[in-house]
Amino acid sequence: MARAHLALVSFFAASIIGAASKSFTIANNCEHTVWPGILSSAGSAGVDTTGFALAPGESRALSVPSGWSGRLWGRTLCSTDAATGRFACVTGDCGSGRQDCGGGGAAPPATLAEFTMDGSGGMDFYDVSLVDGYNLPMLVAPQGAAAAAGGSCVPTGCMADLNGACPADLRVAASTTSSGGGGVACKSACEAFGSAQYCCNGDYGNPSTCKPSAYSQFFKNACPRAYSYAYDDATSTFTCAGDTAYAITFCPSTTSVKAAGGSPQAQGALPLMNATMVYLGGDQVGSATAAARLPSGLLHHVVVLAVVSLALAGALY
Ligand SMILES: *[C@@H]1O[C@H](CO)[C@@H](O)[C@H](O)[C@H]1NC(C)=O
């Protein structure tokens with residue numbers, strides 16, 4: 001009831017603001033607090049906040065200046081140190097020591113929503129990127145006439161919870177006290193191994209030499225519309241005509257995709273979710289054919305998950 005009321009309030013707030021300028025509605029559908037962080041690109045006008053807390057079920061409307069470019073992400077497991085008074089987060093921390101990021105960016109790994117408003121041809125360009133790793137499921141859903149028309153103006157994001165399914169060599173686990181020792185984020189192969197091949201720099205600094213890896217493919221399979229490596233542009237950048245509002249949701253549910261007017265399979269785009277992935281307790285298990293292409297570390301991980309899910313399936317019957 002409270003949630004429905006909140007959704008109505010933010011809907012009206014968004015329509016009023018949307019009439020005059022561009023707006024974001026940021027919603028937290030997670031079962032835990034998320035602290036959104038916002039970083040404006042150099043030379044771009046700022047948004048009126050650079051960071052705040054969103055309790056579970058809460059949402060907040062922001063007005064975005066025309067021509068804005070920047071990124072937005074969610075911080076998790078944040079707290080204020082009782083001795084120093086310093087605010088810090090286990091994932092997505094921006095280093096400010098406060099709730100507002102004040103020009104600080106997200107420490108990887110973090111799921112990022114990236115925007116360039118009113119760019120080439122007056123269009124907005126946006127994407128959700130896992131190039132700096134993953135910490136939260138996130139959905140960016142355009143709203144308004146352009147979104148209703150579809151085309152390249154469709155929802156993007158990463159609907160899957162990859163913290164449980166993250167391959168062992170990419171996994172970030174928090175200390176046992178803050179999260180029971182479970183995975184809290186999943187590194188990119190670039191961050192985990194630092195090689196030019198995974199980071200797309202040096203000899204690999206162009207689209208013809210930097211190719212998807214088994215690691216980037218893990219992200220791409222789970223989140224087909226998100227950027228999985230630096231040159232994943234063709235299937236990961238979306239555009240809307242300049243009078244569009246955007247709903248950004250942390251831990252989106254399939255119901256929230258429908259409510260946002262987003263068809264999961266838009267014309268010409270990859271699906272928002274991968275229907276062939278088996279979802280069990282937030283973990284994803286790839287198909288046997290995908291397992292055959294993975295290196296041994298990843299293969300081991302898939303096999304362990306498959307065994308766990310078989311055991312779970314057995315327990316259910
Ligand atoms: C879905 O995942 C499977 C197995 O991980 C993969 O083979 C397939 O290509 C994925 N589909 C999409 C659209 O990414």
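## The chain as a whole

Residues are counted from 1 along each chain, in the order its sequence is written. Since the model is predicted, local features need pLDDT of at least 70 and side-chain atom pairs count only at pLDDT 80 or more, while totals for chains, interfaces and linings use all residues.

The chain has ten helices and 15 strands (DSSP runs numbered from the N terminus: H or I of at least four residues for helices, E of at least two for strands). Of its 317 residues, 44% are buried, meaning that 20 or more other C-beta atoms, placed from the backbone, lie within 10 Å of a residue's own.

β13 covers residues 245-250, and six of its six residues are buried. One side carries Ala245, Ala247 and Thr249, the other Tyr246, Ile248 and Phe250.

It pairs (at least two DSSP bridges between strands) with two partners. β1, residues 22-28, runs parallel to β13 over five bridges, with Asn28 opposite Phe250. β8, residues 138-143, is antiparallel to β13 over six bridges, and there Gln143 partners Ala245.

## Into the core

The largest nonpolar core has 75 residues; such a core is a set of buried Ala, Val, Leu, Ile, Met, Phe, Trp, Tyr and Cys residues joined through C-beta atoms within 7 Å. Ile248 is among the members touching the most others.

What does Ile248 touch, leaving out residues up to four places away in sequence? Phe24, Ile26, Leu72, Ala113 and Val140, where touching means C-beta atoms, placed from the backbone, within 7 Å.

Technical notes
Buried ≥ 20, exposed ≤ 12 C-beta atoms within 10 Å, placed from the backbone. Contact = placed C-beta atoms within 7 Å.
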